[in-house]
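Here is a report on pockets and surface.

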Amino acid sequence: MPSLDSDTRTARGAAIRITGLTHTYPTADGDLTVLHGLDLDVPAGGYLALTGPSGAGKSTFLSLLGGLEPLQGGDIRVDGESLTELSGDALAAYRRQTLGFVFQHYGLVAVLSAQENVELALALSGVDRVARRRRARELLDAVGLLDRAEHRPPALSGGERQRVAIARAMANGPRLLLADEPTGNLDEDAARTVLTLLESLRTSHGCTLLIVTHNPSVAARGEQQRRMVAGRWA
Ligand SMILES: Nc1ncnc2c1ncn2[C@@H]1O[C@H](COP(=O)(O)OP(=O)(O)OP(=O)(O)O)[C@@H](O)[C@H]1O
Ligand SMILES: [Mg+2]
């Protein structure tokens, strides 16, 4: 597999320290607390697999770590920097530069080609047109999809879409890669390909990897494993 290291940035994994994390959603029936004071440490370059029953709070947890939901209680520190202290612009920069996020349902733009989907992430970081075209092709090559660069997502298989989503997540050299059930929609072969890809990117790129999964054989591969039940560690 071609390497992604031609990027001038030298990525290294981010260390995560989470303390007393709580989260409450307002609902028509009153407040619903779904995370109850969670602590977690993941070392720089670590690999955590997070499991738990549906509704346990795993996606909420990942959204908070990804800066997609504002923090309400407790703290998340990424390389010592608290997400609570990041302002709007700094939070956007954190999402763009430090993080790569892979969703179960891919989250690709249907009207853009595979290559344009990857280029979009680079454009948002201000990479110029020529460089982002070259970089997007390198990334698609790295996930084994250069020959599908012009396909739009509806003309890709599930496993291929997920690999495009991974190429996009890697576009800006993230130090933290968050994946919410990245193999949830895939058959066994495609799931293995996607998981192997995430793991090899972690190794080659040195990023910290957090995977949420319902699949015990996927979870077993994490260096650290945590199970969440009703917003607490089980
Ligand atoms: N926007 C919201 N408003 C109110 N409640 C919510 C909201 N989002 C999630 N919840 C509730 O929070 C709880 C945790 O949801 P979350 O999506 O984090 O679970 P999960 O562990 O990811 O589940 P799954 O394995 O099914 O994806 C659930 O009970 C859900 O109904
Ligand atoms: Mg979820």
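## Largest pocket

By class, the lining of the largest pocket holds 10 nonpolar, three polar and three charged residues. Its volume is about 400 Å³. Of the 16 lining residues, Arg 95, Arg 96, Leu 99, Ala 121 and Arg 168 lie nearest the centre. Helix 2 (88–98), strand 6 (99–102), helix 3 and helix 5 (158–169) each give two or more residues to this lining. Helix 3 gives the largest share, four residues.

## Basis

This is a predicted model: local features need pLDDT of at least 70, side-chain atom pairs need 80 or more, and totals for chains, interfaces and linings use all residues. Residues are numbered from 1 along each chain as its sequence is written, and side-chain values use heavy atoms, without hydrogens or water.

A pocket is an open set of points on a 1 Å grid over the protein atoms alone, where a 1.4 Å probe fits, with protein on both sides within 12 Å along at least five of seven lines; lining residues have an atom within 4 Å of a point. Helices are DSSP runs of H or I, at least four residues; strands are E runs of at least two.

## Second largest pocket

This pocket has a volume of about 180 Å³. The lining has four nonpolar, three polar and four charged residues. Among them are Asp 187, Glu 188, Arg 192 and Arg 221. Helix 6 (188–205) supplies the largest share, four residues.

## Surface patch

Val 109, Val 111, Leu 120 and Leu 124 make a nonpolar surface patch of about 350 Å². Patch residues have over 30% relative accessible area and no salt bridge, with nonpolar side chains joined within 5 Å. Leu 124 lies in helix 3 (residues 114–124). Leu 124 is exposed (over 50%), with a relative accessible area of 59%.

Notes. Chains are lettered from A and ligands numbered from 1 in the order in which they are written. Patches are made of residues with over 30% relative accessible area and no salt bridge: like charges are joined within 9 Å, nonpolar side chains (Val, Leu, Ile, Met, Phe, Trp, Tyr) within 5 Å. Accessible areas come from the Shrake-Rupley method with a 1.4 Å probe; for residues, only the protein chains shown count as cover. A salt bridge is a side-chain nitrogen of Lys or Arg within 4 Å of a carboxyl oxygen of Asp or Glu. Buried means under 20% relative accessible area, exposed over 50%, partly exposed in between (1.4 Å probe, protein chains only). Grid points are joined across faces, edges and corners, and a volume is the space filled by probe spheres set on the points. Ala, Val, Leu, Ile, Met, Phe, Trp, Tyr, Cys and Pro count as nonpolar, Asp, Glu, Lys and Arg as charged, and the others, Gly among them, as polar.
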